[in-house]
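Biologist: I would like to learn how to read ring pairs and nonpolar cores. Please take me through them.

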Amino acid sequence: MHMPIQNRSDLYKMLAPLDTPNIVAQGIYAAKLVEVRRFVNTFGERIGLVFEIIEGAYQGELVMESAALKANPRGKLAELLRGIGGNHADLLTAHELIGRACRVAIKHEQNRQGKTYAAVASTFP
């Protein structure tokens, strides 16, 4: 599966080209990691983890969370990968976890333009 996703805004443009896309409700969902994307934005080198919800009303929906591509054991990337079963915070570990099932906690946040999106707050087995 290859999608041209650079950030959450791009993901939601792909899913619903409207100004207010239908986003996944806040809550905890069964999901699996389906893609890992490396990109650069104003915050530097980033990694995007794309999850597909695999059960319930939002089955088949994609959600993405990005983190700095740094091997900090206390960083956001390390936290997200540990919840999927990874032991290291690096790109190789992320790619090895593609296809792995987990649960994701979705929280609504707003971007700088004031648009609400579904953020992956955490992952866990």
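**Reading rings and cores**

Modeller: Begin with Tyr29, which is buried, at a relative accessible area of 13%. Buried means under 20% relative accessible area, exposed over 50%, and partly exposed in between (1.4 Å probe, protein chains only). This is a predicted model, in which local features need pLDDT of at least 70 and side-chain atom pairs count only at pLDDT 80 or more, while totals for chains, interfaces and linings use all residues. Residues are numbered from 1 along each chain as its sequence is written, and side-chain values use heavy atoms, leaving out hydrogens and water.

Biologist: How many aromatic pairs are there?

Modeller: Rings of Phe, Tyr and Trp (its six-membered ring) pair if their centres lie within 6.5 Å; planes under 30 degrees apart count as stacked, over 60 as edge-to-face and the rest as tilted. The count here is 1 aromatic pair. Tyr29 and Tyr58 have ring centres 5.8 Å apart and planes at 85°, so the pair is edge-to-face. Tyr58 is partly exposed, with a relative accessible area of 22%.

Biologist: Which residues touch the most other members of the largest nonpolar core?

Modeller: A nonpolar core is a set of buried Ala, Val, Leu, Ile, Met, Phe, Trp, Tyr and Cys residues joined through side-chain atoms within 4.5 Å. Among the 26 residues of the largest one, those are Ile47, Leu49, Phe51, Leu77, Val104 and Ile106. Helix H2 gives the most to this core, 5 residues; helices (H or I, at least four residues) and strands (E, at least two) are DSSP runs, numbered from the N terminus.
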